[in-house]
Amino acid sequence: MEGKPEEKKGVLGKLKDAVEDKEHQIEVLGTFVRLGVVVWSGFIITMNYVEIPMFKKSGNSDITFVASVFTGALATFGLTTGNKNGNGKPSTVDCPMAKKKET
């Protein structure tokens with residue numbers, strides 16, 4: 001008897017076989033999507049500050065939207081990017097612009 005050749009499965013096929021519960025599959029896929037958004041937005045933010053040889057920067061670009069997407073995606077994992085010290089109170093910032101606003 002000739003055996004049927006085994007079909008090659010992609011990433012989604014392997015995920016479906018590994019996780020039988022439909023809700024758990026969606027949860028795992030959602031985690032991968034959120035992780036992809038964090039990696040993508042982190043890459044865009046990093047590229048704004050890194051100079052690549054033989055690649056001319058187009059000037060000063062505004063990354064406010066990408067930074068907010070990055071912060072929001074990190075928050076879904078329970079991570080925050082705020083300035084707080086150990087006791088939960090905002091930390092004091094020692095910079096000239098912060099002192100200028102106080103006066």
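Setting aside neighbours within four places in sequence, Ser-41 is in contact (heavy atoms within 4.5 Å) with Val-66, Val-69 and Phe-70. This is a predicted model, in which local features need pLDDT of at least 70 and side-chain atom pairs count only at pLDDT 80 or more, while totals for chains, interfaces and linings use all residues. Residues are numbered from 1 along each chain as its sequence is written, and side-chain values use heavy atoms, with hydrogens and water left out.

Ser-41 belongs to helix H2, and it counts as buried because its relative accessibility is 0%; buried means under 20% relative accessible area, exposed over 50%, and partly exposed in between, with a 1.4 Å probe and protein chains only. The other buried residues of H2 include Gln-25, Val-28, Val-38, Gly-42, Ile-45 and Asn-48. H2 itself has 28 residues and spans 41 Å from its first C-alpha to its last, close to the 40 Å expected at 1.5 Å a residue, where the expected span is 1.5 Å times one less than the number of residues.

Beyond the neighbours within four places in sequence, Asn-48 is in contact with Lys-57, Ser-61 and Ile-63, and Tyr-49, on the same terms, is in contact with Lys-57 and Ile-63. Tyr-49 and Asn-60 are separated by 11 residues in sequence and by 9.8 Å in space, C-alpha to C-alpha.

Arg-34 lies over the face of Phe-77, at 4.5 Å from the ring centre; the rule asks for NZ of Lys or CZ of Arg within 6 Å of the ring centre and within 35 degrees of the ring normal.

For the setting, the protein chain has four helices and zero strands, where helices (H or I, at least four residues) and strands (E, at least two) are DSSP runs numbered from the N terminus. Buried residues make up 13% of its 103 residues, and of the contacts between residues at least 6 apart in sequence, 42% join residues at least 24 apart.

As for confidence, pLDDT is the predictor's confidence in each residue, from 0 to 100; the chain has a mean of 76, and 65% of its residues reach 70 or more.
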